[in-house]
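Please look through the structure below with the following briefing at hand.

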Amino acid sequence: MASIVLNGVDKIYAGGVKAVNGLNLEIRDGEFMVLVGPSGCGKSTALRMIAGLEDISGGEIVIGDRVVNHLPPKDRDIAMVFQNYALYPHMTVEENLAFGLKLRKMPKAEIAKRVNEAAKMLGLEQYLKRKPAALSGGQRQRVAMGRAIVREPQAFLMDEPLSNLDAKLRVSMRASLNQLHERLGVTTVYVTHDQVEAMTLGDRVCVLRDGLLQQVDTPQNLFDNPVNLFVAGFMGSPSMNFTYAELVRDGSGAAVAFAGYRLPVPDSTFAEKPGLDRYIGKKIILGIRPSDFEDAVAANGNAAGWVRIPVRANVTEELGSEINVLFTIDAPPVEHKDTVAAQNDGDEEETTLPLSGDKSLWTARVNARSHVRPGQNVELVVDTHNLHFFDVDSGLSIGHEANVGR
Amino acid sequence: MRHGKLSQASSPMALRRYGFILSFLAAPLVLYVVFVIAPYIQAFQIALTNWKGISPDFDYVGLENFGRMFDDDVFWQAVRHHGLLLLVMPLATIAIALFFSFLLNVGGGQANGRRTGVRGSAFYKIVFFFPQVLAVAIVGVLFQAILRPDKTGVINNALGAVGVDPVGWLINPDLALWTIMGVMVWQAVGFYVVLFSAGMSSIPSEVFEAAALDGAGRFTLFFKITLPLLWDTLQVGWVYLGIAAFDGFALVQVLSVDRGGPDNATTVLPLEIWRQAFTFSKYGYASAMGVALFFLTLTFAVLTLRVTRRERIEF
C-alpha cells in the first residue's frame with residue numbers, strides 16, 4: 001500500500017484542451033478517495049494518468065515514494081477496474097484472475113492460492129471455469145474486482161465501476177465495495193459522476209470541474225460547507241436551492257431578505273463565517289438545502305432558529321420515506337455559471353421545462369407524515385442555522401475557511 | 001386468422017412487397033444456378049465422355065478419363081503444387097498481415113489515451129492495399145519486369161550492384177514455384193492487413209489497457225490477447241486463402257515461363273484444365289480434372305471449418 005500524490009498535474013490534449021489543470025491532490029495511504037464531477041471534468045483523465053494509460057503533460061505523480069511519471073503502467077504496481085470491466089473474453093474467470101500473476105512469473109501454487117482466496121471473497125467459486133460471456137453484469141463486475149485484488153497492488157484505481165449495473169445491484173455492490181475496502185485497506189481512487197456513490201463510498205471526496213480542483217474534504221464537510229456555488233449545487237440530491245437575496249441588519253437583528261420573505265440570520269452564523277458582516281446591505285446568493293426545510297405541522301411547533309415561511313406547493317414527489325415539495329418563489333432564478341454547470345451533470349444537454357417562468361423553482365424535503373398535496377398552501381419551516389451565503393460575482397462561499405482572504 | 005392472412009397475402013400491397021423481395025432473391029439465384037451449379041453438373045457429365053468440344057458427337061466412356069488422370073504425372077505435379085501452396089501461402093500471408101496490422105493498430109503504444117499504430121500508419125494502410133487494386137494480369141506483367149533473369153530485371157540489377165550473380169527467379173525449376181508464391185503473398189497481404197485491422201479495432205481498447213496494467217508487453221499482448229480475440233477473422237482469412245491456393249491460374253499463366261513451366265514446375269490444376277480443354281481439345285479429360293479440383297476444394301473448406309471451430313467470443 002502507498003499514498004498517491006499529484007503535484008500540479010496537467011493534461012493538455014492536442015488542440016490545447018486542458019483536461020486537467022494544475023491538480024494538487026494527496027491520497028493518503030489506505031484512503032478511499034473519490035473523484036467526482038460532471039462529465040468532461042477531467043476525473044477519468046486524472047485516474048488514467050495515475051494508471052499510466054495517459055501521458056502526463058506537466059507536474060508530477062508520486063506513488064509510494066517513487067515518481068512514476070515515466071513508468072509504464074505495468075511497473076506502477078496498481079490495478080484498475082474499468083467501467084466495461086475489460087475482462088479477457090477468451091479466458092475463463094480463473095484465467096482472467098490469474099493472467100496478471102502468470103505474467104509476473106509467480107509460482108503456480110501461489111497463483112492458485114490467491115485466485116481461490118479472491119474467488120471466495122467475491123463469491124465467484126462456482127464460476128471459475130466459465131467464460132465472461134456466460135456471466136451476468138454483476139458477476140463480471142466481481143471478476144473485474146477480483147482481477148485487481150489478486151494482484152495485491154499498492155493501489156486500486158476504479159473508473160466508474162458500477163455505472164453499467166442496474167440500480168438495485170449498484171446499491172448492493174456499493175456496500176460490498178465498502179466492506180472490501182475496510183477489509184483490504186488498500187489505497188483506492190474511485191471515479192464517478194454519481195454524487196451518491198461519492199458520498200457513500202469516499203473517505204474523502206475530490207470535486208473537479210473543467211479540470212480544476214474545487215474542493216477536497218470528507219463527504220459530510222462537502223455537504224455542510226461547500227466552498228463555492230458549484231460544489232453546493234453538485235453535491236446533494238435534490239440539489240441546493242439558490243436565490244439572490246439581500247443581507248440586512250436592523251433593530252431586530254440581522255436577516256436575509258428575498259422574494260418577500262425575511263429569514264433572521266443567527267449571530268452564531270456571523271461567528272462561523274468571518275467576513276459575512278461585510279456583506280450587510282449588499283446583494284448575495286442565498287443557498288438552502290432541501291433537507292433544511294420541514295413541514296411546519298410535522299415539525300411540531302417551533303424549534304429554536306426555525307422560521308416559518310408560507311408557500312404554495314406546485315408539485316409533490318412522494319418517495320415513501322419523504323416528500324419532495326416543489327414550489328416557486330417570487331424571484332428570478334440564479335443564472336450563475338457555477339449553478340448552471342452543477343446542474344449539467346448528465347451527458348445530455350438537459351434543460352428543465354420552463355414551468356416556473358422567471359421564478360425560481362425550489363425544492364423542500366419534508367417528512368412523509370406531511371400530507372401536502374399539489375396546489376395546496378403549506379407552511380414550511382427553515383433551519384436558519386444552515387443557511388449558505390455566496391458572493392454574487394465570484395460564486396465563492398462567504399466565510400468558508402478556504403475562501404477567507406481570497 | 002387463416003382467412004385474415006390469406007386476404008393480407010392477396011392484397012395488392014402484400015403482393016408488391018413479396019414481389020419486391022422475390023425479385024431480389026430471384027436474380028442472384030438464377031445467376032448462381034445458370035453460371036455455377038449448372039456448369040458443375042455439366043462438368044460431371046462431360047467428365048464421363050470423350051467430347052472434343054467442337055463436334056456435337058461424343059461417347060460415354062465411363063471412368064476412363066479419371067483412370068487416365070490418376071496415371072498422369074502432370075496432374076499429380078499440379079496437385080503437389082497445390083499442396084505446397086496450401087501449406088505455405090496462407091500461412092505466410094496471414095503471418096505477415098498479422099504482423100503489419102498489429103504494428104499499424106496496436107504497436108505504437110499510447111497517444112492521447114488511445115492505443116495507436118506506429119507513426120504514419122494511416123498512410124501505410126493505403127499503401128499496403130495497392131496490390132489488391134491491381135488486376136492480376138498487371139501484377140504478372142509487373143513482376144515479369146522485376147524478376148527478369150538477366151541484369152535488366154529489377155531484383156537482379158540490385159543484386160548485381162552488390163556483386164551477386166543473376167538469379168533465374170522464374171527459369172530455375174527449383175525456384176520458380178517459390179517465386180510465384182512470393183508474388184501471391186505480396187498481392188494478398190494488403191487485403192488481409194485491412195481485414196485484420198478491422199478485426200483488431202473491434203476489440204475494446206480497455207482490454208488492451210487491462211492487459212498492459214496486468215504486465216503484458218507487446219509480445220504477450222499479441223500472442224495472449226490479440227491473436228485469440230482475432231481467431232474468427234483469422235479463420236475467414238484462412239479459408240479464403242486456402243481456396244485461393246487452389247486457383248493461381250491467372251498469375252501462373254501470365255508470369256511463369258511457358259505457362260506453368262519450366263518443365264511444369266509451376267503448373268496448377270486450373271491451368272492444366274485450361275490447357276487440356278483449349279489447347280488439346282480434350283474436354284472430357286479437362287472436366288474430369290475439374291471434378292477432382294471441385295472435391296479438393298470442398299474437402300479443404302469442410303476440414304478447415306471443422307478443425308478451427310471454436311466457441312464464439314463475445315465482448
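**Domain contact and a buried valine**

In this predicted model, 16 residues of domain 1 of chain A are in contact with 19 residues of domain 2 of chain A, contact meaning that the C-beta atoms of two residues, placed from the backbone, lie within 7 Å. Local features need pLDDT of at least 70 and side-chain atom pairs count only at pLDDT 80 or more, while totals for chains, interfaces and linings use all residues. Residues are numbered from 1 along each chain as its sequence is written, and chains are lettered from A and ligands numbered from 1 in the order in which they are written.

**The two domains**
- Chain A is divided into domain 1 (4-233) and domain 2 (234-390), with bounds that come from an automatic or database domain assignment.
- The centres of domain 1 and domain 2 of chain A, taken over C-alpha atoms, are separated by 36 Å.

**The side of domain 1 that touches domain 2**
- In chain A, helix H6 (195-201), strand E9 (204-209), helix H7 (219-224) and helix H8 (229-234) each supply at least two residues of this side; helices (H or I, at least four residues) and strands (E, at least two) are DSSP runs, numbered from the N terminus.
- H8(A) gives the most to this side, with five residues.

**A:Val93**
- A:Val93, which is found in helix H2 (residues 93-103) of chain A, is buried because 28 other C-beta atoms lie within 10 Å, where buried requires 20 or more such atoms, exposed 12 or fewer, and partly exposed a count in between, with C-beta atoms placed from the backbone.
- Leaving aside neighbours within four places in sequence, A:Val93 is in contact with A:Leu124, A:Tyr127, A:Leu128, A:Arg130 and A:Val143.
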